[in-house]
Amino acid sequence: MVSKKNTESPVPTPETSPEVPMLSRELSWLAFNYRVLQEAKDPRVPVLERLKFLAIFSSNLDEYFKVRVATMRRLVKLKKKTREKLQQDPAEELDQILAEVSRQQKEFGLVYRNELLPELKNEHICLITEQEVNEQQREIALDYFKKKVKPLLVPIIFSSNPSPLFLKDQTVYLMIRLVPKVINEAHPEQYALMELPTHKHGSRFVELPDENGDHYVIMLDDIIRIGLASMFPEFETVEAFALKLSRDAELDLEEEISGNLMAKIKKSLKKREKGHPSRLLYDPKTPEHMLSVLLEHIGLSTEELVVGSRYHNFRDFFGFPMLGPAHLQYEEQTPLPHPELEKAESMLEAIKQKDYLVHYPYQKFDYALRFFEEAAVDPAVTSMGATMYRVADKSKVAKALILAAENGKLVTVVVELKARFDEESNIYWAQKLEKAGANVIYGVPDLKVHSKIGLVTRQEEGRAVHYAYLSTGNYNEKTAKSYTDHALFTADERLTLDLTKVFNFFVDRQPDKQFDNLLVAPFNMRDKFYELIQNEMRLAQEGKDAYMIVKINALQDEDMIRQLYEASQAGVKIELLIRGICCLIPGVPNLSENIQVRSIVDRYLEHGRIYVFGNGGEEKIFIASADWMNRNLSRRIEVGFPIYAEEHRKELRHILEILRQDNQKARTFQNEYYISDTPTTTVRAQYAIYDFLKQKALAAGFKV
């Protein structure tokens, strides 16, 4: 059983704000990542999936140090007068961040060593070290080292004079201690540095032969440790200690288009590998003198040192061999057919008749692919438009747009080159699209294009008819299998005419567009949300039922938080389902006593944004690409859209009700599992939503 309470769960601390009581964004994010670690701790989660949650936790933390901690370090270095203008002393906050990270990493190590490794062993999967191999395994490992690994290794021996060394970002190195048989001036102790060749080798893990029904796996690090002595036979002792450097990943670009933005991005990507160090993780057993010598050679101070473990880059556990019986992994949830779209011979003809709402990853992403692929070859289609934020490496959507351009259609694609860590992939597809003849727009001055929209224009009986794809998630076949998102296919002119204005803005950059039905940041989205909230306040003050239910990834915008506090004080009941950052403080008397905050972390990443406003009994429901962050509402192009069709409103509300009732994977604001004392029913939302949509497919006659 999972404990309802988690007394060690980190609770973010309030920032100093005279106007709006708020929590630290940074510590709130760490609280979210702790929820990921909770999944690795949860015995209800299959053990191989728990390893993946450790990988997610580690990968998240790497990005956090590369971006957020690197930013905090830059703030610390600001002049005193500039720092005083910030809400909180960055040096004090950085200390709190590092203390919380240290606490979480210690817990991470305990979960891995004391829980997951023994549980794997109970399932006959033995992840062993070089110290645990038997003689036969050692011989096999040594032979493997000589044939497969040694040719990939390039050790760098440290000279007596500290010559500068450059460590690659996010790369594991082994620092090697070489102790001669007799130590004297002629034969001193020496040190060497060697990159762990994970990418060249193809995997971090090596499977050894099974023995007595047990599977044996050893890490590449330990294969190298077994073979090191054969590389340095003249030394008595050869030891290896792991380390990893994270570098500042912020591009620090002025978000403007003067000059060649792609050239700037490419230049900045090259600089990223050379960014300022933000964290040096090291094995706690590394000898102190050895660490000092390393710091001298790479030009770092102890300020960037963070105690790690014997192994780094736990994100490599995404590639851990999937061994053992099926129950060690999540039971497969095959994407379901949409009850109507699956039968449609033509996507465009179907959309002409009515709107369709699709829910990923529960239902197939194929319909989005069909939408673009069909339009690309339809002779009546004259133009296509799409925004590309994060696309798959082998994107079928991008390929369809290329085909459309080659077929002579006017194709306009807005490629966001500032999609962090996806810039290279976006550049690749942008160049392919340009080569095919598409009109590629590289972002918008001062704004990041985060909306997930597509528009197809077709000539029908002498008039232009628009078909739209509006989504909360990216055009990415890979993430569509693991991110929960919602998408609407529509030919409703109330939405498509507004959408043409969005694409017109991308082309003419004229900010005078008026949107009647879509919520478009930074134009009308913020003000429209304010109107909707204030309408609920008026209803509450009139003694009427007033409420809001909001499901988003993050809440940080100070003005939006102020609006929510005022609504709570007016008597509006507010329920927030927030996966990640939440800077609002719920449940404070005379401030936020009417606000409840919960978070769901489960097998899929909750990504869809849903906004429900009571509106005096005639609910208004929107879904969007935007969170309530200052960047989303003020510095990004985001698109939110109303749900008009009654069948879709009921379906979306039912899905939202399931999420609200989750008593297995929902957490309270304090990161306690939201399990009632006497639950009459068990509700695990992501499974219940799949079952709900499965029943709809079965009722439509599909075998699933």
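The model is predicted. It holds 52 salt bridges. A search of the whole structure finds zero disulfides. Helix 15 and helix 16 run roughly parallel to each other.

**Helix 15 and helix 16**

- Helix 15 covers residues 525-541, and helix 16 covers residues 558-570.
- Their axes come within 9 Å. They cross at roughly 10°.
- Angles under 35 degrees count as roughly parallel, and the two helices therefore fall in that class.
- Helix 15 brings R526, F529, Y530, I533, Q534, M537, A540 and Q541 to the contact.
- Helix 16 meets them with D559, M560, Q563, L564, E566, A567 and A570.
- The residues of this contact between helix 15 and helix 16 divide into nine nonpolar, three polar and three charged.

**Salt bridge K665 to D42**

- Side chains of opposite charge can pair when their charged atoms come close.
- K665 and D42 form a salt bridge, at 2.6 Å from N to O.
- The pair links distant parts of the chain, 623 residues apart.
- K665 sits in the loop between helix 18 (646-661) and strand 26 (666-667).
- D42 sits in the loop between helix 1 (25-41) and helix 2 (47-76).
- K665 has a relative accessible area of 1%, so K665 is buried.
- D42 is buried too, with a relative accessible area of 2%.

**Salt bridge R177 to E239**

- R177 forms a salt bridge with E239, and the closest N and O atoms are 2.8 Å apart.
- R177 lies in strand 3 (residues 172-180) and E239 in strand 7 (residues 235-247), so the bridge ties together parts that are 62 residues apart in sequence.
- R177 is partly exposed, at 22% relative accessible area.
- E239 is partly exposed as well, at 29%.

**Salt bridge K354 to E340**

- K354 pairs with E340 in a salt bridge, with the closest N and O atoms 2.9 Å apart.
- K354 lies in the loop between helix 10 (347-353) and strand 10 (356-360).
- E340 lies in the loop between strand 9 (305-307) and helix 10.
- The pair therefore ties together parts that are 14 residues apart in sequence.
- K354 counts as partly exposed, at 24% relative accessibility.
- E340 is partly exposed, with a relative accessible area of 34%.

**A salt-bridge network**

- Salt bridges also link residues into a network.
- Its members are E575, R598, E619, R653, E657 and R660.

**Cysteines**

- The whole structure has zero disulfides.
- C582 is in no disulfide. The nearest cysteine sulfur, that of C583, is 6.9 Å away.
- A disulfide needs two cysteine sulfur atoms within 2.5 Å.
- C582 counts as buried, at 4% relative accessibility.
- C126 also counts as buried, at 7% relative accessibility.

**Cis peptide bonds**

- The peptide bond from Y360 to P361 is cis, with omega near 0°.
- P361 is placed in the loop between strand 10 and helix 11 (366-377).
- A cis peptide bond also joins A521 and P522, with omega about 5°.
- P522 is found in the loop between strand 18 (519-521) and helix 15.

- D446 is not a glycine, yet its phi is positive, near 70°.
- D446 has its place in the loop between strand 13 (439-441) and strand 14 (448-449).
- D446 is exposed, with a relative accessible area of 52%.
- N671 is not a glycine either, and its phi is positive at about 65°.
- N671 lies in the loop between strand 26 and helix 19 (685-699).
- N671 has a relative accessible area of 0%, so N671 is buried.

Technical notes
Residues are numbered from 1 along each chain as its sequence is written. This is a predicted model: local features need pLDDT of at least 70, side-chain atom pairs count only at pLDDT 80 or more; totals for chains, interfaces and linings use all residues. Side-chain values use heavy atoms; hydrogens and water are left out. Axes are lines fitted to C-alpha atoms, for helices over the stretch in contact, and angles run from 0 to 180 degrees between N-to-C directions. Helices (H or I, at least four residues) and strands (E, at least two) are DSSP runs, numbered from the N terminus. Angles under 35 degrees count as roughly parallel, over 145 as roughly antiparallel, 65 to 115 as roughly perpendicular and the rest as oblique. Contact means heavy atoms within 4.5 Å. Ala, Val, Leu, Ile, Met, Phe, Trp, Tyr, Cys and Pro count as nonpolar, Asp, Glu, Lys and Arg as charged, and the others, Gly among them, as polar. Buried means under 20% relative accessible area, exposed over 50%, partly exposed in between (1.4 Å probe, protein chains only). A salt bridge is a side-chain nitrogen of Lys or Arg within 4 Å of a carboxyl oxygen of Asp or Glu.
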